[in-house]
Amino acid sequence: MSLNVLFVGGTGQISLPCVELAVAAGHRVTVFNRGRSAETLPAGVETIIGYMKDPAVYGALGDRRFDVVCQFMLFTPEEMDEDIRVFAGKTGQYIFISSASVYEKPAQHYVITEKTPTVNPFWPYSQKKIAAEAKLKAAKDLPFTIVRPSHTVRNGLPSMMNDGDLTARRMLAGKPVLVCGDGTSPWTLTRSVDLAKPFVGLFGKEAALGEDFHITADRGHGWDQIYRAIAKGLGVEAKIVHVPTDTLVRYNAEWEGPLMGDKTWAALFDNSKVKRVAGDFTCAEDLDTILEESLRHLKLRLAKPAPDTATSDALMDRIAAEQAALGA
């Protein structure tokens, strides 16, 4: 069945492969974004250039009455209020891309399911996603599906402190890189192209309405493994320095969210719920395969002038030196 599908976003880390697969599946696809990406969309995709904060242009999308609306660019409950105004009563399925970081930290069980509570006391990003989910669940006449990706990779490189390019540049320069804890906590990485199949498989499914799903790979890798695989792909050695999470946060309070609110904890997921509704799927499990596309994009960026990271570099140098001095 061909559906009329709107992607708000559509050229990002996760959304582009979903657009590509939606087109391949025979759906009619429209993309709404600011038009700033250099990514190439598949032939036949209609592009509307605009801003979510422009009420006239954005509000007109609801009048198009899409069968499915995929919202990749919503991060606050206030933005959800606007989407409810625009799309309530005007679409058959509104899919909100939330985040698996909404799940409680630490989780009460070592495998996360959709029944795991959504409580994150550490990260405002996750708290706003939780609040947006609550607004959506309370909305009237807006059939919804919530999708919670975990750490999903395509053009970005995974890093504990949310700056993969800086981590890679430090590796290439022979500098130490920081890993919180002892680097053994299992962490799940999912390729965007692997997420796309079950994501598109949720389109138009009655069983998906009023439900939330995470979509991830089925296994995890320790952070030391991940960093060593990145270094291998760059042809260098990873000089890893382990630092306790609370120590890192004392050096830089802004790391509390991405660390205490996300990457410090083990992250393993049970995907049986989404497989029951969207169909079975498999994800790449070998780190070389998982990181291949991210490393290819990274090498293109490395050919361009490097951004100014002197402040971050100096802080990481200081932390690594002070940590190495312990017990000396």
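The following legends describe close-up views of a predicted model.

In this predicted model, local features are reported only at pLDDT of at least 70 and side-chain atom pairs only at pLDDT 80 or more, whereas totals for chains, interfaces and linings use all residues. Residues are numbered from 1 along each chain as its sequence is written, and side-chain values use heavy atoms, with hydrogens and water left out.

**View 1**
Strand S4 comprises residues 68-71; helices (H or I, at least four residues) and strands (E, at least two) are DSSP runs, numbered from the N terminus. In a regular strand the side chains alternate between the two faces of the sheet. In S4, Val68 and Cys70 point one way, while Val69 and Gln71 point the other way. All of these residues are buried, a term that means under 20% relative accessible area, with exposed meaning over 50% and partly exposed in between (1.4 Å probe, protein chains only). Strand S1 (residues 4-8) runs parallel to S4 and is joined to it by four bridges; two strands pair if DSSP finds at least two bridges between them. Val8 has Gln71 of S4 as its bridge partner. Strand S5 (residues 93-97) also pairs with S4 in the parallel sense, over four bridges, and Tyr94 in S5 is the bridge partner of Val69. Together, S4, helix H3 (residues 77-87) and S5 make a right-handed β-α-β unit; a crossover is right-handed if, with the strands pointing away from the viewer, the path from the first strand over the helix to the second runs clockwise.

**View 2. Asn4 in strand S1.**
Asn4 lies in strand S1 and counts as buried, at 16% relative accessibility. Leaving aside neighbours within four places in sequence, Asn4 is in contact with Arg28, Arg64, Phe66, Asp67 and Val68. Contact means heavy atoms within 4.5 Å.

**View 3. Helix H1 and its packing.**
Helix H1 spans residues 15-24, and its buried residues are Ser15, Leu16, Pro17, Cys18, Val19 and Ala22. These buried residues pack against S1, S2 and helix H6 (192-201). Just after H1, Gly26 takes a positive phi of about 95°.

**View 4. Aromatic rings.**
A search of the whole structure finds 11 aromatic pairs. Rings of Phe, Tyr and Trp (its six-membered ring) pair if their centres lie within 6.5 Å; planes under 30 degrees apart count as stacked, over 60 as edge-to-face and the rest as tilted. The ring centres of Phe32 and Tyr58 are 5.4 Å apart and the planes lie at 55°, so this pair is tilted. The pair links distant parts of the chain, with Phe32 in strand S2 (residues 28-33) and Tyr58 in helix H2 (residues 55-62), 26 residues apart. Phe32 is buried, with a relative accessible area of 1%, and Tyr58 is buried at 0% relative accessibility. Elsewhere, Phe7, Phe72, Phe199 and Phe203 form one aromatic cluster.

**View 5. Lysines over aromatic rings.**
The charged end of Lys273 sits over the ring of Phe213, 5.1 Å from its centre. Lys275 lies over the face of Phe281, at 5.2 Å from the ring centre. A charge sits over a ring if NZ of Lys or CZ of Arg is within 6 Å of the ring centre and within 35 degrees of the ring normal.

**View 6. The nonpolar cores.**
A nonpolar core is a set of buried Ala, Val, Leu, Ile, Met, Phe, Trp, Tyr and Cys residues joined through side-chain atoms within 4.5 Å. The largest such core has 42 residues, and Leu178, Tyr227 and Ile230 have the most contacts inside it. Among the elements that each supply at least two residues of this core are helix H5 (164-172), helix H11 (287-302) and helix H12 (310-325). Helix H7 gives the most to this core, with seven residues. A second, separate core of 31 residues includes Val29, Cys70, Phe72 and Leu195.

**View 7. Leu178 in strand S8.**
Val177 and Val179 point one way from S8, whereas Leu178 and Cys180 point the other way, and all are buried. S8 pairs with S13 in the parallel sense over four bridges, and Leu178 stands opposite Val241 in S13. Not counting residues up to four places away in sequence, Leu178 touches Met161, Tyr227, Val241, Val243, Leu248, Met316, Ile319 and Ala320.

**View 8. Lys137 in helix H4.**
Lys137 is found in helix H4 (residues 124-138) and counts as partly exposed, at 42% relative accessibility. Its C-alpha atom is separated by 7.5 Å from that of Gly210, 73 residues apart along the chain.
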